[in-house]
Amino acid sequence: LLLHWLKTNNEFKAAVAYLEEPVEDAALSFIAMANEVPTYEFEENLIKNQHLHDKYYDLYIKSERVKFLDASFMKLDGDDLIYHLNWFAEVGKYPVIVLDHISMITYDTLGAQSERKDIDILMKRLRQLAHKTKATFFVVCHLKRATQGISWDQGREITMADGRGSGAYEQLCDVMIG
């Protein structure tokens, strides 16, 4: 979706917080996708593709139309994340922010609270931040394991109640895409 919006609207900007991979990997994947090539293939031929790398790097990343959150220096802590997402929305003026994925964030580093409670708190704070800043948040969550029948990757239909860890997705999201 981000790539489509970037290609079709020269004014579009988005911030991206991919919490499971280094910024360099996320950026390279993004550039490979812009070239319609699998990341591994683009990376294998990077010397040959250097001009394409530079073109899309300049067009999207160097221009700061896409800004990546470098989570490598962060504790994966809700307060730290909210601070950075707020900066993206208010200071950076990024109207669209992608958070992948919400289960990586915790509020209680000592383990006294549950994943459900951490997600409930974060979803509530993201909803407040969206109202305050008018930014649109795309929040990625994992699905619960299917306990019976076919699995998700085999075609099981997804419902709003299938988000892993919390019912806050159903309660606080305006739109859910499965």
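**Sheet and cores at a glance**

A15 stands opposite I97 in β3. This is a predicted model. Its open sheet has 4 strands, paired in parallel. Its largest nonpolar core holds 23 residues.

**The sheet**
- The strand order is β2-β1-β3-β4.
- β1 and β3 run parallel and are joined by 5 bridges.
- β2 (66-68) and β4 (136-140) stand at the edges. Each has a single partner strand, so one side of each is left without a neighbour in the sheet.
- On average, neighbouring strands are turned by 15 degrees against each other, direction ignored.
- Strands of a sheet pair through backbone hydrogen bonds, either parallel or antiparallel.

**The helix across the sheet**
- α5 lies across β1, β2, β3 and β4.
- Its direction is about 155 degrees to that of β3.

**The largest nonpolar core**
- L85, I97 and L126 touch the most other members of this core.
- Nonpolar side chains tend to be buried together in soluble globular proteins.

**Around I97**

**A second core**
- A separate core has 21 residues.
- Its members include L2, F12, A26 and F42.

Methods
Residues are numbered from 1 along each chain as its sequence is written. This is a predicted model: local features need pLDDT of at least 70, side-chain atom pairs count only at pLDDT 80 or more; totals for chains, interfaces and linings use all residues. Side-chain values use heavy atoms; hydrogens and water are left out. A nonpolar core is a set of buried Ala, Val, Leu, Ile, Met, Phe, Trp, Tyr and Cys residues joined through side-chain atoms within 4.5 Å. Buried means under 20% relative accessible area, exposed over 50%, partly exposed in between (1.4 Å probe, protein chains only). Two strands pair if DSSP finds at least two bridges between them. Helices (H or I, at least four residues) and strands (E, at least two) are DSSP runs, numbered from the N terminus. Axes are lines fitted to C-alpha atoms, for helices over the stretch in contact, and angles run from 0 to 180 degrees between N-to-C directions. Contact means heavy atoms within 4.5 Å.
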